[in-house]
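Please consider the structure shown here.

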Amino acid sequence: MSLYEQLQRDRITARIASLDAARRHADVLSLRSGLTGLGMQLAALRLRHALLRKYRADQPRVPAGNPDGGQWTDEGGSGGDIASKPWSSVPTAFASEKPRGHHFVPRSIYRNLPLQPETRKAFDDASTGRLHAEPHRWSEGHREYNEAVRERLGQFLNSNNTTPERMTPDQARDFVKEVRSSKDPRIRSFNLRIYRNEMMYWLRRAPRAD
Amino acid sequence: MPNVIDNDEEQSSEWIALYGRITAELERFGKEDAFGNADYWLLDDNYGTFAQHLLYINNLHLLTTPIVQRLRQVLSEFPRWEIVVAIDVPGTGDAWPRMGLIIRQHEIIDGLQRDFFPPEYRSLAFEGSRLGTERD
């Protein structure tokens, strides 16, 4: 092969690599944009659904004096005395919980970490809330998600020069934001699938304009 | 289709109780790890709405007829619930398709693809099982 041919070939190879990189970048941007869009659509659909629910004068409210005093509450109030259930071999870590949906930082990652209570609460609170779409059987890449978030948490603690003991609630919330907007395909595709399934559920239930 | 429980309090209290019962059974046979480094992982997020627990099996030695039958017996106290058993063996990557079982009190839906298993696991059989359909 002549020097000229070799140069031509190198130039073409470099051009292909450049196009590949550009396409990958465009894919990432498209997916991020899609995720943001889906999140907004889901929020809008939830709001619409909430507004369409009929007002009931007899719906119970949280009593005055409580932090949420005056807010609507579910039928039956707290009513969840789990210990009184006949099958109460209940792990205390989960007691009195309502369904919280998918935790962006899996509990398996931080459950045994020596976090401050408020930091732990920040992770506990960071979830999708109850999910409505039918779960997808055995199609989830949950283990990969856990691994990826654990790796990211280690990196986050290092880069912030902190430890689990010293991690502040604000840092926990920052980390949750990082997870929610992560470009790591193991994290992004899992969260995107949950958003997409929920959005499809709400779209199917939304009343038609006609 | 899994059963739907619209009452959050009810769904949650049963989810918690069944979580404890399943864990108590599995702890006798293996170790739990959410990152695939042990035998199984029982999903500890309650997604709500459905009467369903999700169990990931990371080590096929846990996939035995007696263990599956014990899990089914646990459901006798929770008749509307199901346990989805997802096979997730680290290292198999995309070489193995997604597969698993759905254990219910009255039946087992068998979605295993045994051709991918090592020879000693290919003859696994579960009493009261049937192949899954689109409606499952």
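This is a predicted model: local features need pLDDT of at least 70, side-chain atom pairs count only at pLDDT 80 or more; totals for chains, interfaces and linings use all residues.

Residues are numbered from 1 along each chain as its sequence is written, chains are lettered from A in the order in which they are written, and side-chain values use heavy atoms, with hydrogens and water left out.

**Interface**

- Chain B gives 50 residues and chain A gives 41 residues to the contact (heavy atoms within 4.5 Å).
- About 3700 Å² is buried between chain B and chain A, with 54% given by carbon and sulfur atoms (accessible area, 1.4 Å probe, lost on putting the two parts together, summed over both).
- Six salt bridges are found across this interface (a side-chain nitrogen of Lys or Arg within 4 Å of a carboxyl oxygen of Asp or Glu).
- A:R107 and B:D45 form a salt bridge, with their closest N and O atoms 3.9 Å apart.
- Elements that give two or more residues to the side of chain B touching chain A are α1 (8–26), β2 (52–57), β3 (82–87) and β4 (100–104) of chain B (DSSP runs, helices being H or I of at least four residues and strands E of at least two, numbered from the N terminus).
- The largest share of that side, 12 residues, comes from α1(B).

**Strand β3(B)**

- Six of the six residues of β3(B) are buried (under 20% relative accessible area, 1.4 Å probe, protein chains only).
- B:E82, B:V84 and B:A86 point one way from β3(B), and B:I83, B:V85 and B:I87 point the other way.
- β2(B) and β3(B) run parallel and are joined by six bridges.
- B:Y56 stands opposite B:A86 in β3(B).

Technical notes:
Buried means under 20% relative accessible area, exposed over 50%, partly exposed in between (1.4 Å probe, protein chains only). Two strands pair if DSSP finds at least two bridges between them.
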